[in-house]
Amino acid sequence: MKDKQIERLIGAEQKRQRRVINLIASENYVSKDVLTALGSELTNKYAEGYSGHRYYGGNEISDQIENLCKERALKLFRLDAKKWSVNVQPLSGSPANLAVYLALVPSGVEGKIMGMSLDHGGHLTHGHKVSATGKFWTAVHYGVNRETEQLDYDEIMEIAKSEKPNIIVAGYTAYPRIIDWQKFRHIADEVGAIFMVDMSHLAGLVAGGVYPSPFKYADVVTTTTHKTLRGPRSALIFSKIDERELGKKIDKAVFPGLQGGPHLNQIAAVAVALAEANRPEFKKYAKQVVKNARVLADELARLGWRLVSGGTDSHLILMDTWRGGNPSTSLGAGGISGKTASDVLEQGGIIVNKNTIPFDTRSPVDPSGIRLGTAAETTRGKTEKDFVAIAKQINKILKSHV
Ligand SMILES: Cc1ncc(COP(=O)(O)O)c(C=O)c1O
């Protein structure tokens with residue numbers, strides 16, 4: 001590179017990534033092919049509009065790239081192109097979710113979004129008050145059960161019946177368990193709401209066949225492509241084809257509603273990642289991600305750490321570092337806060353993020369827990385024995401700071 005300053009910083013980040021154990025649940029390592037597509041000349045091209053209907057000339061290649069990406073997205077999740085459509089232009093997960101609401105929820109206070117609250121594991125874009133999604137629409141929230149720390153479908157039904165939302169969102173940022181999509185479908189049907197699944201965290205696991213697919217039950221499915229799916233930063237919006245014309249409305253909301261020109265380099269890189277995720281090796285990878293998370297959870301629990309909901313069915317774990325939870329250890333109220341835990345682990349070469357736990361008594365800037373995920377390190381070839389060692393290392397670092 002001619003720009004030595006940026007070259008040096010990229011080099012430093014490459015070294016940092018190689019040096020650390022990365023347990024950030026929303027990160028992964030993409031292939032060289034994905035990087036090549038991202039860094040290609042496709043970034044030079046303007047392609048406002050959709051395939052066959054562009055506002056600029058010179059888009060014959062753009063159309064092929066976008067069409068191929070859409071084909072691969074439908075193929076990966078075994079969707080019939082007569083029953084599902086997909087928009088591949090959202091720039092990331094947050095604009096994708098915003099586009100769905102813009103398309104399908106009446107604007108203003110009478111439009112109502114129902115999602116999980118942020119402090120129980122939901123995402124900002126599920127109607128949090130600091131997000132546009134909570135400012136432009138009325139938002140109501142559900143959480144997890146205090147005892148089980150898992151979804152309580154009876155309670156969700158009650159809230160839905162009393163609030164009558166236009167759209168119900170399931171799929172989260174920090175929920176380690178299986179979500180019963182069918183129960184959500186039933187709840188949405190009871191109140192006449194659209195059922196939207198945000199499978200951002202789960203897409204790679206769904207593609208790999210190790211987590212239940214939401215497509216049988218959802219009306220709309222959004223996903224980022226850069227977490228377990230192991231693609232570039234981007235997002236997809238799938239919608240059912242029927243008389244409601246969801247896809248048409250969503251296309252209009254993405255462009256011209258929210259965005260201008262699509263990022264073609266990103267769309268090509270997504271297409272690469274989707275093809276990679278459709279290979280048998282990816283199934284093996286997804287299986288290993290979940291196995292590794294179980295082993296990490298079991299070992300941490302064995303060492304005396306309290307895990308929210310008692311464990312995991314996916315790639316992520318929420319660990320209560322503050323209460324610890326095992327009276328036989330030195331932990332207990334006044335263990336180690338999520339922020340301190342994250343800081344001291346980073347000093348020890350392990351990268352995690354601090355995270356609120358359900359019913360947290362501490363503040364989000366220094367909450368009671370940390371979130372751990374296995375997708376990135378599994379990409380690097382780590383297996384069960386490595387995760388037993390990682391759990392021991394985490395335990396050692398944290399206990400020396402309690
Ligand atoms: C469930 C969920 N939805 C949406 C997003 C937003 O994605 P992005 O950061 O690409 O805007 C995230 C990101 O963490 C997420 O976890």
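1. Strand β14 (residues 353–355) contributes the most to the lining of the second largest pocket, with three residues. Strands here are DSSP runs of E of at least two residues, helices are runs of H or I of at least four, and both are numbered from the N terminus.

2. The model is predicted: local features need pLDDT of at least 70, side-chain atom pairs count only at pLDDT 80 or more, and totals for chains, interfaces and linings use all residues. Residues are numbered from 1 along each chain as its sequence is written, and side-chain values use heavy atoms, with hydrogens and water left out.

3. The second largest pocket has a volume of about 410 Å³. A pocket is an open set of points on a 1 Å grid over the protein atoms alone, where a 1.4 Å probe fits, with protein on both sides within 12 Å along at least five of seven lines; lining residues have an atom within 4 Å of a point. Volume is the space filled by probe spheres set on the points, which are joined across faces, edges and corners.

4. Of the 16 residues lining this second pocket, L118, N353, K354, N355 and T356 lie nearest its centre. Domain 1 (35–277) and domain 2 (280–399) each provide at least three lining residues.

5. The largest pocket has a volume of about 790 Å³. Its lining has 20 residues, and Q17, N28, Y29, V30 and L35 are the closest to its centre.

6. Helix α1 (4–19) and α2 (32–38) each supply at least two residues of the largest pocket's lining; the largest share, six residues, comes from α1.

Note on methods:
Domains from an automatic or database assignment.
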